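Here are some exercises to work through with the structure in view. Try each task before you read its solution.

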Amino acid sequence: LRLECLPNRDSLPYGDYYGISKTANSVFRGTLRYQGFSEILYGLNLLGFMDDTFDDHLSPTSTHKFNTWSEVMKKIGLTNTEQIAFRLKSLGASESCVANTINCIQWLGLFSNEQLVLRNTLMDTFCALLEQKLVYKQKERDMVVMQHLFEVEKKDKKIEKHSSTFICYGDVDGDTAMSKTVGITAAIGVELVMQSRITGRGVLLPTSPEVYRPALELLEKEGFQFVEESY
């Protein structure tokens, strides 16, 4: 898989959650996306597609509302790939960012007379388009990937590396991997509480052995298993 890892908010509290803040030199929490994802989102942001200010042209009740994406692109001065490339380069975007962003815009049909779903702002109207274009087609399925990487320095100064990897695929024309990993995990938590196998009360983190040991055991029975490797 050609993936990239993006920083996911503040990673430092996880050192305390896992009890390693005093021994770990660094703690990093990231989000995995397909390669090129961050460049495309960065390019779209530079072009203004994340603008969340109200636009009368994008209001469904306006008498001046636009009907097509080509009208939107004309308003923001991006009617062809040359204009997009020039603006992105002038804002410091890399060549690969320019190319990936243009390919995305063409694939989405932003130069066409594709009808708009108006939601008052450019960002929300753009999100409505993504909801249409990115829906799963027949026989398509999603995938969830999680990986933990550890680099450990032993007393003899030797470095050991350990990985724990989980991959789950959605069912074709059935449940998605996201719904299974979230839904079944939550259901197991409810089951453990109802069976009084979790005796703690209030908001509990899954870092407690009382929670994660029986939960991981039950998740493995559902086919959710991490592959452990050392090297």
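A residue counts as buried when its relative accessible area is under 20%, as exposed when that area is over 50%, and as partly exposed in between. Keep in mind that this is a predicted model.

**Exercise 1. Find where Thr68 sits in the chain, and work out whether Thr68 is buried or exposed.**

Step 1: Look between H2 and helix H3 (69–75), because the loop there is the place of Thr68.
Step 2: Take its relative accessibility, which is 9%. The cut-off for buried is under 20%, so Thr68 counts as buried.
Step 3: Check the contacts, leaving out residues up to four places away in sequence. Thr68 touches Ser112, Asn113, Glu114, Gln115 and Leu116.

**Exercise 2. Describe how helix H2 (residues 37–46) and helix H5 (residues 95–108) pack.**

Step 1: Start with the geometry: the angle is about 80° and the axes are 8 Å apart.
Step 2: Name the arrangement. Angles of 65 to 115 degrees count as roughly perpendicular, so that is the word for H2 and H5.
Step 3: List who meets whom. H2 brings Glu39, Ile40, Tyr42, Gly43 and Leu44, while H5 brings Ser96, Cys97, Asn100, Thr101, Cys104 and Ile105.

**Exercise 3. Which residues of H5 are buried, and what covers them?**

Step 1: Check the length. H5 has 14 residues, and its first and last C-alpha atoms are 20 Å apart, close to the 20 Å expected at 1.5 Å a residue.
Step 2: Pick out the buried residues: Cys97, Val98, Thr101, Ile102, Cys104, Ile105 and Leu108.
Step 3: An α-helix has 3.6 residues a turn, so residues three or four places apart point the same way.
Step 4: Turn to the other side of H5, where Glu95 and Trp107 are exposed.
Step 5: Look for the cover over the buried residues, which includes H2, H3, helix H4 (81–90) and helix H6 (122–133).
Step 6: Go just past the end of H5, and you'll find Gly109 with a positive phi of about 80°.

**Exercise 4. Do the same for helix H8 (residues 209–221).**

Step 1: Val211, Pro214, Ala215, Leu218 and Leu219 are the buried ones in H8. Their arc is only 140° around the axis, which puts them on the same side of H8.
Step 2: Their packing partner is helix H7 (177–194).
Step 3: After H8 comes Gly223, with a positive phi near 95°.

**Exercise 5. How many disulfides are there?**

Step 1: Apply the cut-off: the two cysteine sulfur atoms must be within 2.5 Å. The count comes to zero.
Step 2: Cys97 is buried, at 2% relative accessible area.
Step 3: Cys127 is partly exposed, at 33%.

**Exercise 6. Where do Lys157 and Asp173 lie, and are they buried or exposed?**

Step 1: Lys157 is in the loop between strand E3 (143–153) and strand E4 (159–169). Its phi is positive, about 75°, although Lys157 is not a glycine. At 61% relative accessibility, Lys157 counts as exposed.
Step 2: Asp173 lies in the loop between E4 and H7. Asp173 isn't a glycine, yet has a positive phi of about 60°. Its relative accessible area is 52%, so Asp173 is exposed.

Conventions:
Residues numbered from 1 in each chain as written. Predicted model: local features only at pLDDT ≥ 70, side-chain atom pairs only at ≥ 80, totals over all residues. Heavy atoms only, no water. Helix = DSSP H or I, 4+ residues; strand = E, 2+ residues; numbered from the N terminus. Expected span 1.5 Å × (residues − 1). Buried < 20%, exposed > 50% of the residue type's maximum accessible area, 1.4 Å probe, protein only. Arc of directions from axis to C-beta. Contact = heavy atoms within 4.5 Å. Axes fitted to C-alpha atoms, helices over the stretch in contact; angles between N-to-C directions. Parallel < 35°, antiparallel > 145°, perpendicular 65-115°, else oblique.
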